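Student: I have a chain on the screen and some questions about its side chains. Can we go through them one by one?

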Amino acid sequence: GSSASGGRLTCTVTTGVMAAVTPFPFTDVATGAWYFGDIVYAYNNGLFSGTGDHTFEPETTMTRGMLVSVLWRLEGKPEAAASPFTDSGDSWYTKAVDWAAANGIVAGTSATTFEPNATVTREQMAAILFRYANFKKLDTSARADLAGFPDAGSVSAYATDAMSWANASGIIVGSNGKLVPQDGASRAQVAAILHRFVENGMK
């Protein structure tokens with residue numbers, strides 16, 4: 001289960017009457033890495049699982065199925081009716097995709113496909129987080145002027161509002177002065193973005 005501790009959730013494993021904080025298991029996440037605190041946060045709050053017992057693979061790109069699963073865990077793993085996506089059934093992400101589709105948090109890549117194993121791009125992530133924030137009835141009115149980024153024109157029309165909101169909210173910041181909306185996001189980057197989103201966006 002989990003218990004609140006100083007405004008922060010801590011994963012606990014109940015052993016008899018003792019509650020012990022789950023030790024951080026990932027040997028491929030260096031203590032000095034820029035993302036260490038973000039991954040500890042994501043792990044302690046049950047948002048991310050590892051790719052193995054002792055691996056997190058921080059530099060591996062995040063898939064669409066992984067991102068939706070993280071938000072589904074954040075929401076408490078609610079049940080939902082089956083999605084219309086024929087490529088998302090009978091897998092570890094199925095219930096997450098069902099929930100996200102039922103609540104308008106994801107759109108498919110077509111009427112019947114979601115492409116759960118495709119890399120999630122930075123603009124897709126912005127759009128999914130934007131829809132999730134609206135689902136949570138959070139204030140999503142903030143907008144940043146993206147014109148200061150040299151590649152602002154490469155943001156897809158569907159994601160412009162979402163990228164503008166995510167940048168204004170400090171959730172998705174530039175990468176070397178660019179938005180790089182079509183780039184994939186690594187698991188470490190998504191952990192950092194989710195950490196900022198929960199700390200900033202959900203208050």
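Student: Is arginine 143 buried, partly exposed or exposed?

Tutor: This is a predicted model, in which local features need pLDDT of at least 70, side-chain atom pairs count only at pLDDT 80 or more, and totals for chains, interfaces and linings use all residues. Residues are numbered from 1 along each chain as its sequence is written, and side-chain values use heavy atoms, with hydrogens and water left out. Buried means under 20% relative accessible area, exposed over 50%, and partly exposed in between (1.4 Å probe, protein chains only). Arginine 143 has a relative accessible area of 38%, so the class is partly exposed.

Student: Which side chain meets arginine 143 in a salt bridge?

Tutor: A salt bridge needs a side-chain nitrogen of Lys or Arg within 4 Å of a carboxyl oxygen of Asp or Glu. Here the N to O distance is 3.3 Å. The partner is aspartate 161.

Student: How many residues apart are glutamate 75 and lysine 136?

Tutor: Glutamate 75 sits in the loop between α2 (64-74) and α3 (94-102). Lysine 136 sits in the loop between α4 (122-135) and α5 (160-168). The pair links distant parts of the chain, 61 residues apart.

Student: Which residue pairs with glutamate 79 in a salt bridge?

Tutor: Glutamate 79 is exposed, at 62% relative accessible area. Its N to O distance in the salt bridge is 3.4 Å. The partner is lysine 95.

Student: What is the geometry of the aromatic pair of tryptophan 34 and tyrosine 35?

Tutor: Rings of Phe, Tyr and Trp (its six-membered ring) pair if their centres lie within 6.5 Å; planes under 30 degrees apart count as stacked, over 60 as edge-to-face and the rest as tilted. A search of the whole structure finds 15 aromatic pairs. Tryptophan 34 and tyrosine 35 are 5.1 Å apart, centre to centre, with 75° between the planes. The class is edge-to-face.

Student: Which of these two is buried and which is exposed?

Tutor: Tryptophan 34 has a relative accessible area of 56%, so it is exposed. At 8%, the buried one is tyrosine 35.

Student: Which arginine lies over the face of phenylalanine 56?

Tutor: A charge sits over a ring if NZ of Lys or CZ of Arg is within 6 Å of the ring centre and within 35 degrees of the ring normal. Phenylalanine 56 belongs to one aromatic cluster with Phe24, Phe26, Phe36, Tyr43 and Phe48. At 4.4 Å from the ring centre of phenylalanine 56 lies arginine 187.

Student: In what order do the elements run from the N terminus on?

Tutor: The protein chain has six helices and three strands. From the N terminus on, the order is β-β-β-α-α-α-α-α-α.

Methods: Helix = DSSP H or I, 4+ residues; strand = E, 2+ residues; numbered from the N terminus.
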